[in-house]
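Hi everyone, thanks for coming. Let me put the structure up on the screen, and then I'll walk you through it.

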Amino acid sequence: MSRAEQREQTRHALLREGRRLFAAEGYGAVGLARIVDAAGVTKGALYHHFDGKAALFRAVLAQVQQEVGRHVAAT
């Protein structure tokens, strides 16, 4: 696997697990340690992709908004 593929896989795992945990427990209840543990990565990997928890949340929100927009457009 190339470095680019590894970076993309890490980013995807962080978004997936952040989204799952934020949806299940709420933003305030989820710490970075839980997210990186669930994603199977280090805090350093998270900070490589995002400035912190708020930036990850904004990326998750943008992902959800894009999905809703596609769904609305298809309907």
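Let's begin with residues 8-68: their end C-alpha atoms lie 22 Å apart, and the span is 80% helix and 0% strand. Helices here are DSSP runs of H or I with at least four residues, strands are E runs of at least two, and both are numbered from the N terminus. In UniProt, an unreviewed entry lists residues 8-68 as "domain: HTH tetR-type". The unreviewed entry also lists residues 31-50, as "DNA-binding region". UniProt positions are given in the numbering used here, feature names are shortened, and annotations may be inferred rather than shown by experiment. For residues 31-50, the end C-alpha atoms are 14 Å apart, with 75% helix and 0% strand in the span.

A word on the ground rules. This is a predicted model, where local features need pLDDT of at least 70 and side-chain atom pairs count only at pLDDT 80 or more, while totals for chains, interfaces and linings use all residues. Residues are numbered from 1 along each chain as its sequence is written, and side-chain values use heavy atoms, with hydrogens and water left out.

Now the overall picture. The chain has four helices and zero strands, so to speak an α-α-α-α order when read from the N terminus. Its C-alpha trace spans about 40 × 35 × 20 Å along the principal axes. Of the 75 residues in the chain, 31% are buried, where buried means under 20% relative accessible area, exposed means over 50%, and partly exposed is in between, using a 1.4 Å probe and protein chains only. The accessible surface comes to about 4900 Å², and carbon and sulfur atoms hold 53% of that; the areas come from the Shrake-Rupley method with a 1.4 Å probe, and for residues only the protein chains shown count as cover.

What about contacts, meaning heavy atoms within 4.5 Å? Among the contacts with a separation of 6 or more, 54% are between residues 24 or more positions apart.

**Helix H2 and its cover**

Which residues of helix H2 are buried? In this helix, residues 32-39, they are Leu32, Ile35, Val36 and Ala39. Seen down the axis of H2, these buried residues fall within an arc of 90 degrees, so they line one face of the helix; the arc is taken from the directions from the helix axis to the C-beta atoms. Their cover includes helix H1 (3-25), helix H3 (43-49) and helix H4 (53-74). After H2 comes Gly40, whose phi is positive, near 75 degrees.

Let me zoom in on Ile35, which sits in helix H2 and counts as buried at 0% relative accessibility. Leaving out residues up to four places away in sequence, Ile35 touches Leu14, Glu17, Gly18, Leu21, Phe22, Val30, Leu46 and Leu56. Is Glu17 buried or exposed? Glu17 is buried, with a relative accessible area of 9%. With the sequence neighbours up to four places away left out, Glu17 touches Ile35, Ala38 and Ala39.

**Aromatic pairs**

How many aromatic pairs does a search of the whole structure find? The search finds three. Rings of Phe, Tyr and Trp (its six-membered ring) pair if their centres lie within 6.5 Å; planes under 30 degrees apart count as stacked, over 60 as edge-to-face and the rest as tilted.

Take Phe22 and Phe57: their ring centres are 5.3 Å apart and their planes are at 75 degrees, so the pair is edge-to-face. This pair links distant parts of the chain, with Phe22 in helix H1 and Phe57 in helix H4, 35 residues apart. Phe22 is buried at 8% relative accessible area, while Phe57 is partly exposed at 30%.

Phe57 also pairs with Tyr27: the ring centres are 5.1 Å apart and the planes at 70 degrees, so this is edge-to-face. Tyr27 lies in the loop between H1 and H2 and Phe57 in helix H4, so the pair ties together parts that are 30 residues apart in sequence. Tyr27 is partly exposed, at 33% relative accessible area. Phe22, Tyr27 and Phe57 form one aromatic cluster.

Key:
Contact means heavy atoms within 4.5 Å.
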